[in-house]
Amino acid sequence: MRILVMTKPVPDPAANAERLGANLRLDRAASPTVVNGNDEYGLEAALQLVQAHGGEVAILTMAPATGVETMRKALAMGAMSGVLVADDALAGADIPTTIRVLAAAAATQAWDLLIGGLDTSDGAGGVVTAGVAARLGLPLLSAAARIEPDPAARRVRVQRLSAKGHDLLEAPMPAVISATQALGTPRYPTLKGIMAARTRQITMLTLADLGADMLPIGGQWPSRVLGVLPPPSRAAGRTVTGDPAAQAREIADYLADQRII
Amino acid sequence: MPATLLVVGEVADGRLARLSAEIASFAVGLAAAGGGAVVGLIVDAAPDLAAQEFAAYLPRVVSVASGAVADGVWAPHAAAEARRLVDEGVTHVLASVTNDGRDVAGLLCGGLGWGILANASAASWDGDAIVVEATVLAGKAIARSTVDAPNAIVTVRAGAAEAMELAKSGAIETRVPVGVPAVPAAAVLDRVAEAGAEVSLEEAKVVVVGGRGVAGPEGFGLVDELAALLGGVTGASRAAVDAGWIPYARQIGQTGKVVRPALYLSLGVSGAMQHRAGMQGSQNIVAVNRDPDAPIAEIADLFVIGDLFEVGPALAAELRARRGG
């Protein structure tokens with residue numbers, strides 16, 4: 001079984017240093033970069049699946065050429081190879097373009113499952129993996145909490161998070177899956193893995209390798225940020241001390257004032 | 001050309017999702033501001049009741065009875081029906097920020113190539129172009145974005161508008177399904193309910209949240225008790241989820257649910273930035289924490305310094321006493 005995992009380099013949420021540059025695009029130099037969290041859960045699940053069923057995991061990234069550094073982290077976890085789509089013309093690419101490019105790049109590879117994060121911590125649109133499924137015309141198994149392929153039968157089952165619990169889905173392979181944190185904690189790369197990652201192949205692709213019609217007509221992204229506002233400030237709150245019964249009364253008084261009780 | 005906005009409704013147990021009613025009113029307000037039309041879409045195995053409920057908020061609802069969604073995933077069918085309405089002149093598609101809504105938005109974006117504006121909390125017009133506000137950068141800023149095109153897909157967050165019924169219910173048009181889903185629809189073999197998950201976190205008016213301070217799965221008994229007394233739903237911080245005390249579906253924050261309830265009440269939640277990204281839009285924030293320096297104090301309307309295992313039961317007793325029982 002071969003699993004291709006889409007891994008996006010994003011600003012490290014733990015560094016808490018995300019900011020926009022002067023062009024109102026994400027300033028990617030402002031923050032250390034990591035593999036997007038939901039992509040990493042998908043990668044961990046993929047690595048466990050090939051351990052159980054045989055095969056290998058590859059990764060697919062669309063990013064500036066510096067994306068190689070973040071891809072090495074994913075290779076160090078155990079992915080065997082990578083594909084990086086890097087092209088200056090993709091700087092600031094909008095979501096429909098990202099979808100077209102990732103789908104075309106995924107189509108250059110052979111795989112049984114294509115996994116992407118449910119959403120990314122920087123863009124947070126949560127639509128790219130579904131969009132790629134639409135471009136490829138393949139079943140979408142989204143919000144996965146558990147992935148159970150049956151390679152012999154060429155089918156895959158996924159527990160999909162629902163409002164009430166989960167739904168058990170089944171589709172033929174190849175299929176597209178969006179990954180969530182419920183898949184489990186990603187492994188830390190071992191020293192051996194980090195060493196091995198240095199020599200694993202990352203295939204570089206440009207738009208010229210992906211066929212025509214990747215970019216919008218005129219080359220301008222129709223989507224753009226007009227401006228940025230600070231989040232609404234909250235009035236200074238009140239601190240409540242004292243004995244628990246008095247504190248409870250004060251909370252209840254507040255809730256009554258706000259017509260919540 | 002005047003816009004025609006399509007609101008993709010969601011159905012839970014035969015009823016219209018509350019969030020869909022909000023987005024309907026959001027769209028009606030937006031159309032009124034720009035002189036456009038609005039149509040709602042309901043796709044369900046038994047759509048009649050939800051379509052009626054949707055029509056209370058919208059001048060026109062297309063209702064599709066699709067047997068295929070009884071035992072197949074919904075989004076590819078809903079996207080195919082939305083696509084038919086696009087072919088008939090819809091210029092903008094509005095979907096919910098839910099797993100289903102994002103799936104529909106993504107499938108349409110991949111199929112149509114339209115620009116997409118995600119996580120809208122407000123919207124307006126600049127000529128033909130829609131302009132939305134959305135929280136970005138883990139809650140550090142609100143971005144105003146647009147698509148310079150007469151078409152766009154917008155995903156809309158809970159709380160973007162109050163659901164407001166129209167003076168007169170809209171017309172309902174029933175249709176037979178397109179029949180061909182946007183992508184092959186995965187089969188649904190089983191739908192598993194987990195205890196206590198009946199009301200979705202995003203739609204709850206009151207959310208009571210347990211963090212690291214609740215110290216174990218038993219501690220969520222107190223969180224659940226307060227949630228029940230306040231007519232609310234239990235949520236959790238990532239620390240509590242990572243510890244395995246409560247399922248991920250309850251997680252609030254950047255990698256979990258984003259909630260904007262009338263009341264957010266937390267017990268033992270420190271309030272890291274990643275958590276705040278999921279709750280700072282709440283109308284009222286009450287936080288109980290024994291650490292006077294917990295970051296959640298910065299955004300709490302009421303910051304209660306104390307042991308949650310003393311304040312929590314005292315609050316439960318106080319709420320019971322005020323209810324007269």
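How many residues of chain A are in contact with chain B, and how many residues of chain B are in contact with chain A? In this predicted model, 71 residues of chain A are in contact with 76 residues of chain B. On the side of chain A that touches chain B, the elements giving two or more residues include the helices α3 (95–106), α4 (128–136) and α6 (244–257), together with strands such as β7 (140–150) and β12 (223–229). The greatest share on this side comes from α6(A), with nine residues, and the residues of the side of chain A that touches chain B are divided into 39 nonpolar, 21 polar and eleven charged.

When residues up to four places away in sequence are not counted, A:L102 touches A:M6, A:L60, A:M62, A:V128 and A:V132.

Chain B comprises eight helices and 17 strands, and its C-alpha trace spans about 60 × 45 × 40 Å along the principal axes. Because a compact globule with 325 residues would have a radius of gyration near 20 Å, the value of 21 Å for chain B agrees with that expectation. Of the 325 residues of chain B, 61% count as buried, and among the contacts in chain B with a separation of 6 or more, 65% are accounted for by residues 24 or more positions apart.

Notes:
Residues are numbered from 1 along each chain as its sequence is written. Chains are lettered from A and ligands numbered from 1 in the order in which they are written. This is a predicted model: local features need pLDDT of at least 70, side-chain atom pairs count only at pLDDT 80 or more; totals for chains, interfaces and linings use all residues. Two residues are in contact if their C-beta atoms, placed from the backbone, lie within 7 Å. Helices (H or I, at least four residues) and strands (E, at least two) are DSSP runs, numbered from the N terminus. The radius of gyration is taken over C-alpha atoms; the globule rule is 2.2 Å times the number of residues to the power 0.38. A residue is buried if 20 or more other C-beta atoms lie within 10 Å of its own, exposed if 12 or fewer, and partly exposed in between; C-beta atoms are placed from the backbone. Ala, Val, Leu, Ile, Met, Phe, Trp, Tyr, Cys and Pro count as nonpolar, Asp, Glu, Lys and Arg as charged, and the others, Gly among them, as polar.
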